[in-house]
Amino acid sequence: MGMKKCRNEIRLKWHPYPEEKPKQARNCIVSIFSDGAEFTASSWWDSKEKQFENFLDSVITAWAYMPRPYKKVKETEEER
């Protein structure tokens, strides 16, 4: 019994922050260090203020563009 391939798998390209910053206002995935723990979340990049919103008291270590939304793929007979 083999594993099914995931056709919607994506790889994020992480950009180190603050060395690299988004060029325009957009929602991004951020890697955050806060209270001794690391986690990821989404945050809006404010291009006028040149900062991510909602995590001003945390250390953002990297960011990535949001992936495209999930798109259901038809299964072929071989994949079942």
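Q: Which residues make up the largest nonpolar core of this predicted model?
A: The general idea comes first: in soluble globular proteins, nonpolar side chains tend to be buried together. Here the largest nonpolar core has 9 residues in all. They are Tyr-17, Cys-28, Val-30, Ile-32, Trp-45, Phe-52, Phe-55, Ile-60 and Trp-63.

Q: How many bridges join β2 to β5?
A: Two strands count as paired when at least two bridges are found between them. Between β2 and β5, which run antiparallel, there are 6 bridges. For a residue to look up in the structure, take Cys-28, whose bridge partner in β5 is Tyr-65. Cys-28 also belongs to the largest nonpolar core.

Q: Over how many bridges do β2 and β3 pair?
A: β2 and β3 pair over 9 bridges, in the antiparallel sense. Arg-26 stands opposite Trp-45 in β3, and Ile-29 has Ser-42 of β3 as its bridge partner.

Q: Is Trp-44 partly exposed or buried?
A: Buried requires under 20% relative accessible area, and exposed requires over 50%. Trp-44 has 37% relative accessibility, so Trp-44 counts as partly exposed. Trp-45, by contrast, is listed in the largest nonpolar core.

Q: How many residues lie between β2 and β3 in their hairpin?
A: There are 2 residues between these strands. Asp-35, in the turn, has a positive phi of about 50°, although Asp-35 is not a glycine. With 81% relative accessibility, Asp-35 counts as exposed.

Q: How many residues separate the strands in the hairpin of β3 and β4?
A: That hairpin has 4 residues between the strands. Lys-50, in the loop between β3 and β4, takes a positive phi of about 60° and is not a glycine. Strand β3, residues 37-46, pairs with β4 over 2 bridges, in the antiparallel sense. To find the pairing in the structure, look for Asp-46 and its bridge partner in β4, Gln-51, and for Trp-45 opposite Phe-52.

Q: Where is the cis peptide bond?
A: The angle to read is omega. The cis peptide bond joins Tyr-17 and Pro-18, with omega at about 15°. Pro-18 is found in the loop between β1 and β2, while Tyr-17 is part of the largest nonpolar core.

Q: Which residues make the nonpolar surface patch of about 260 Å²?
A: Ile-10, Leu-12 and Trp-14 make this patch. Trp-14 is found in the segment before β1. At 36% relative accessibility, Trp-14 counts as partly exposed.

Q: What is the mean pLDDT of the chain?
A: The general rule is that where pLDDT is low, the predicted coordinates should not be read in detail. For this chain the mean pLDDT is 86, and 82% of the residues reach 70 or more.

Q: In which element is confidence lowest, and in which is it highest?
A: Confidence is lowest in β4, at a mean of 92, and highest in β1, at 98.

Note on methods. Residues are numbered from 1 along each chain as its sequence is written. This is a predicted model: local features need pLDDT of at least 70, side-chain atom pairs count only at pLDDT 80 or more; totals for chains, interfaces and linings use all residues. Side-chain values use heavy atoms; hydrogens and water are left out. pLDDT is the predictor's confidence in each residue, from 0 to 100. Patches are made of residues with over 30% relative accessible area and no salt bridge: like charges are joined within 9 Å, nonpolar side chains (Val, Leu, Ile, Met, Phe, Trp, Tyr) within 5 Å. Accessible areas come from the Shrake-Rupley method with a 1.4 Å probe; for residues, only the protein chains shown count as cover. A salt bridge is a side-chain nitrogen of Lys or Arg within 4 Å of a carboxyl oxygen of Asp or Glu. Buried means under 20% relative accessible area, exposed over 50%, partly exposed in between (1.4 Å probe, protein chains only). A nonpolar core is a set of buried Ala, Val, Leu, Ile, Met, Phe, Trp, Tyr and Cys residues joined through side-chain atoms within 4.5 Å.
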